[in-house]
Amino acid sequence: FNLQLWNNYFHLAVAFITQDSLQLENFSHAKYNKIQNKYGDMRRLIGFAIRDMWYKLGQNKICFIPGMVGPILEMTLIPEVELRKATIPIFFDMMLCEYQRTGEFKKFENEIILKLDHEVEGGRGDEHYMQLFECILTECAQQHPGICRLVESFVSLVKGLLERLLDYRAVMSDESKDNRMSCTVNLL
């Protein structure tokens, strides 16, 4: 097992699908349709490949926690529904992997909270992501009773943080100082 090779693969693949020139939702409707008809959404194809390769790592997955949490989060925040549905379950697998090794998933939890703050501040994330994140992880957890309660608590924590971060991002353009201050206090 060559850790560096796999690490390079995952980082390169995530860098590919998160590059600005592939963010189709930023294009005009006509340009979006033209690209979609000619090439399809390459982000989805590569995202599915990342997902498939993740699950082929077997017991070596633990080597990528917490290092790959940020890149995977960045990928799941791309506003493409099928890509999100396919890749958010990787988070549960990361939690399960760390839980089976240590009895908790604190490294994963700390990393996702840290990276989520950075990503939402950078303009990524939306209400739909929050709902999908909650739904998928809760559904995955129900199949594993031993970890279910911990995952539900984690999902609740992340959902609350994401709500506050999205509110904060929305209010930063608001002219009312009171609204911005209130939102900042809530976030803290």
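User: How many aromatic pairs does the count come to in this structure?

Analyst: The count comes to 14 aromatic pairs, where rings of Phe, Tyr and Trp (its six-membered ring) pair if their centres lie within 6.5 Å. Heads-up: this is a predicted model, so local features need pLDDT of at least 70 and side-chain atom pairs count only at pLDDT 80 or more, while totals for chains, interfaces and linings use all residues. Residues are numbered from 1 along each chain as its sequence is written, and side-chain values use heavy atoms, with hydrogens and water left out.

User: Why is the pair of tyrosine 9 and phenylalanine 10 called edge-to-face?

Analyst: Their ring planes sit at 70° with the centres 5.3 Å apart, so the pair is edge-to-face. Planes over 60 degrees apart get that name, those under 30 count as stacked, and the rest are tilted. Tyr9 and Phe10 also belong to a cluster linked by ring pairs, together with Phe1, Trp6, Trp54 and Phe64.

User: What makes phenylalanine 10 count as buried, and why is tyrosine 9 called partly exposed?

Analyst: Buried means under 20% relative accessible area, exposed over 50%, and partly exposed in between (1.4 Å probe, protein chains only). Phenylalanine 10 has 1%, so it counts as buried. Tyrosine 9 has 29%, so it is partly exposed.

User: What makes threonine 87 buried, and which residues does it touch?

Analyst: Its relative accessible area is 0%, so threonine 87 is buried. It is found in helix α5, residues 81-87 (helices are DSSP runs of H or I, at least four residues, numbered from the N terminus). Leaving aside residues up to four places away in sequence, threonine 87 touches Gly47, Met75 and Thr76, where contact means heavy atoms within 4.5 Å.

User: Why are α1 and α4 called roughly parallel?

Analyst: Helix α1 (residues 3-18) and helix α4 (residues 69-76) cross at roughly 25°, and their axes come within 10 Å. Angles under 35 degrees count as roughly parallel, over 145 as roughly antiparallel, 65 to 115 as roughly perpendicular and the rest as oblique. So α1 and α4 are roughly parallel to each other. The contact uses His11, Val14, Ile17 and Thr18 of α1 with Pro71, Glu74 and Met75 of α4.

User: What makes α7 roughly parallel to α9?

Analyst: Helix α7 (residues 106-121) packs against helix α9 (residues 145-171) at about 15°, with the axes 10 Å apart. That angle makes α7 roughly parallel to α9. Among the residues that meet are Phe108 and Ile112 in α7 and Phe154 and Leu157 in α9.

Methods: Axes are lines fitted to C-alpha atoms, for helices over the stretch in contact, and angles run from 0 to 180 degrees between N-to-C directions. Helices (H or I, at least four residues) and strands (E, at least two) are DSSP runs, numbered from the N terminus.
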